[in-house]
Amino acid sequence: MSDKFIAYPAIFHPTHDVKFPDLPHTFTEGYGLADAYLMASDVLAEMNYNQKDLPEPSNPKTFKLENEDFTAVVSANLSAKKRQLRRHVRKNVTIPADLAT
């Protein structure tokens, strides 16, 4: 089975805040431009890995940018994020009382 990838345009602000106009609840920030881009890819995958109906990506040329804002297309591997989040398993174990203290 092949992995599912998505790509959406994002608006990067000079303060390294990142938002996705097509996905209103998907935003992040970073310590620098490179970190902001990595965080944007991660939040894009984490917030949307289980979404069934994602909107079509908008044309970045239609965005109204302020001052030094710029756009970039950010991609994310939804299948990898889903696998990463499902690795954790909780198991309850019963042990003798003298070992628990």
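Student: What makes Glu46 and Lys81 a salt bridge?

Tutor: The closest N and O atoms of Glu46 and Lys81 are 3.5 Å apart. A salt bridge needs a side-chain nitrogen of Lys or Arg within 4 Å of a carboxyl oxygen of Asp or Glu. The pair meets that rule, so it is called a salt bridge. Bear in mind that this is a predicted model: local features need pLDDT of at least 70, side-chain atom pairs count only at pLDDT 80 or more, and totals for chains, interfaces and linings use all residues. Residues are numbered from 1 along each chain as its sequence is written, and side-chain values use heavy atoms, with hydrogens and water left out.

Student: Which parts of the chain does the pair of Glu46 and Lys81 tie together?

Tutor: Glu46 lies in helix H1 and Lys81 in helix H2, so parts 35 residues apart in sequence are tied together. Helices (H or I, at least four residues) and strands (E, at least two) are DSSP runs, numbered from the N terminus.

Student: Why is Lys81 called buried?

Tutor: Its relative accessible area is 7%. Buried means under 20%, exposed over 50%, and partly exposed in between (1.4 Å probe, protein chains only). Lys81 falls under the 20% cut-off, so it counts as buried. Glu46, at 36%, is partly exposed.

Student: What makes Asp42, Glu46 and Lys81 a network?

Tutor: Salt bridges link these three residues. Lys81 also meets Asp42, at 2.6 Å from N to O. Asp42 lies in helix H1 (residues 33-48) and Lys81 in helix H2, so this pair ties together parts 39 residues apart in sequence. Asp42 has a relative accessible area of 33%, and is partly exposed.

Student: How many salt bridges are there by this rule?

Tutor: The count comes to three. One of them joins Arg83 and Asp3, with the closest N and O atoms 3.1 Å apart. Arg83 is in helix H2 (residues 78-85), and Asp3 is in the segment before S1, 80 residues apart. Arg83 is partly exposed at 45%. Asp3 is partly exposed at 32%.

Student: Which residues form the positive surface patch?

Tutor: Lys4, Lys52, Lys82 and Arg86 form it. Patch residues have over 30% relative accessible area and no salt bridge; like charges are joined within 9 Å, nonpolar side chains (Val, Leu, Ile, Met, Phe, Trp, Tyr) within 5 Å. Lys and Arg count as positive, Asp and Glu as negative; His and the chain ends are not counted.

Student: What lies 2.8 Å from the backbone nitrogen of Lys4?

Tutor: A polar atom of the side chain of Ser79. Ser79 is in helix H2. At 18% relative accessibility, Ser79 counts as buried.

Student: Which residues form the nonpolar patch on the surface?

Tutor: Val93, Ile95 and Leu99 do, with about 330 Å² of accessible area together. Accessible areas come from the Shrake-Rupley method with a 1.4 Å probe; for residues, only the protein chains shown count as cover.

Student: Why is Val93 called exposed?

Tutor: Val93 has 65% relative accessibility, over the 50% cut-off, so it counts as exposed. Val93 is in the loop between H2 and helix H3 (97-100).

Methods: The place of a charge is taken as NZ of Lys, CZ of Arg, CG of Asp or CD of Glu. A polar contact is a pair of N or O atoms within 3.5 Å; within protein, one must be able to donate a hydrogen and the other to accept it, and residues adjacent in sequence count only if both atoms are side-chain atoms.
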